[in-house]
Amino acid sequence: MTKLNQEQLIGSLKQLKEIKPRKEWAVLLKSQILAKKETKVVLAPTKEISFMDVVSSLFFQKKLAYSFAVVFFFVLGAFGFIGYAMPGDLLFPVKRIAEQSQAALTGSSGLGQDIVVFNNRINDLAQVAKDGRKDNMSPAINEVKAAAKSLKDDPTKNPRTLKDIASGLKTLADVPGTDLATNPDIKDLYQTVVQGQLADLHKTTLTDDQRNILTEIENLCDQGKYADALEKILLINK
Amino acid sequence: MDNLSEQFSQIYDQYIDKIYRFVYLKVDSQETAEDITSKVFLRGWEAFQSPNSEVKNPGAFLYQIARNAVVDHYRGKGRTKLVSVDASPEIVDPGTTAQDKAILSADINIVRKAIQKLENKDHQDIIIWHYLEDMPVASIAELLNKPEGTVRVMLHRGLKDLRNIIQES
């Protein structure tokens with residue numbers, strides 16, 4: 001085959017068609033293959049795994065879900081308890097932090113927030129007195145004093161804020177078993193509030209009866225009875 | 001036999017000789033050719049059963065598996081040939097006399113060895129498909145994802161190389 005034209009070459013190539021597999025092997029292979037039914041698990045089409053897929057797959061894992069639920073209810077319960085925590089209780093500092101956080105979130109600050117805290121502490125004291133919780137009484141009174149001190153030191157007082165403080169002081173005066181009116185800080189607070197309210201009353205037009213009450217208030221102030229004076233001021237403002 | 005098995009049975013009967021021949025001419029070992037052909041049809045059967053796959057052209061599909069299987073065979077074993085072409089069994093046409101058989105067998109073996117010596121494997125494939133399996137150029141072009149003109153040029157060059165190899169031998 002040294003001299004080979006194209007036709008001869010193609011003819012020779014076509015003779016290679018004689019190459020065939022062994023017949024018995026081909027039959028055996030066919031039966032073996034057809035006997036093999038698909039046993040592979042068909043996987044679902046894969047997709048991009050996003051962050052949320054990972055989070056959701058973790059979330060729906062039973063153990064993790066139970067743990068999450070326990071933590072969630074624990075936190076929820078703790079926050080519930082915090083609301084009822086009174087001065088002297090273990091959770092009271094947490095309640096105070098929660099109040100500060102709430103104030104920060106709502107943008108409350110300065111005197112307005114001090115008045116809120118003052119009224120909250122007075123409400124705590126009133127609740128402690130009402131429940132007869134003797135162990136909490138002293139810490140509650142201390143908390144009110146501390147709140148009053150921060151209010152007393154605040155120089156920016158206007159008639160409206162003074163009215164709010166007066167309202168708190170009225171609540172405080174109604175709390176049984178406490179004699180906070182004699183406390184120097186509370187007394188100073190009374191004085192500041194009363195003097196501020198008096199200045200405001202002098203600027204307003206009063207009836208004859210109100211004018212008489214104003215005179216009584218001024219007399220009480222001269223005697224240093226600011227708590228009584230405040231009561232009368234609130235009477236005029238009603 | 002269910003419908004799927006029946007369909008694949010027909011495909012098997014249609015392509016078993018072609019695929020075996022295609023593989024055999026590339027590996028030149030009956031044992032290896034049988035092994036690779038088994039894998040080709042097994043993979044084809046698995047794909048045929050899979051609900052996610054749709055085999056439109058079974059012939060092209062099986063040839064593609066066969067090409068990859070041969071490549072994997074050489075790559076995996078780190079070799080180019082398993083058995084020397086001279087050691088392979090002779091091909092005999094049962095319809096000729098003993099003398100004719102000897103002459104014919106000798107000629108066929110020369111061509112077979114020459115095909116195996118083709119360096120360009122695409123040329124090898126195209127010659128086998130076109131002259132042995134009577135596959136039209138258009139089908140080869142589709143199978144190789146090449147333009148028909150390119151396939152024609154490759155076929156021409158492949159034949160030329162083949163002739164040179166035979167004449168040199």
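User: In what order do the elements of chain B run from the N terminus on?

Analyst: This is a predicted model, in which local features need pLDDT of at least 70 and side-chain atom pairs count only at pLDDT 80 or more, while totals for chains, interfaces and linings use all residues. Residues are numbered from 1 along each chain as its sequence is written, and chains are lettered from A and ligands numbered from 1 in the order in which they are written. Helices (H or I, at least four residues) and strands (E, at least two) are DSSP runs, numbered from the N terminus. Chain B reads α-α-α-α-α-α-α, that is, seven helices and zero strands.

User: How many helices and strands does chain A have?

Analyst: Chain A has 11 helices and zero strands.

User: How many residues does each chain bring to the contact between them?

Analyst: Two residues are in contact if their C-beta atoms, placed from the backbone, lie within 7 Å. Chain B brings 36 residues and chain A brings 25 residues. On the side of chain B that touches chain A, α1 (3–27), α2 (30–49), α4 (98–117), α5 (121–132) and α7 (148–168) of chain B each supply at least two residues. The largest share, nine residues, belongs to α1(B).
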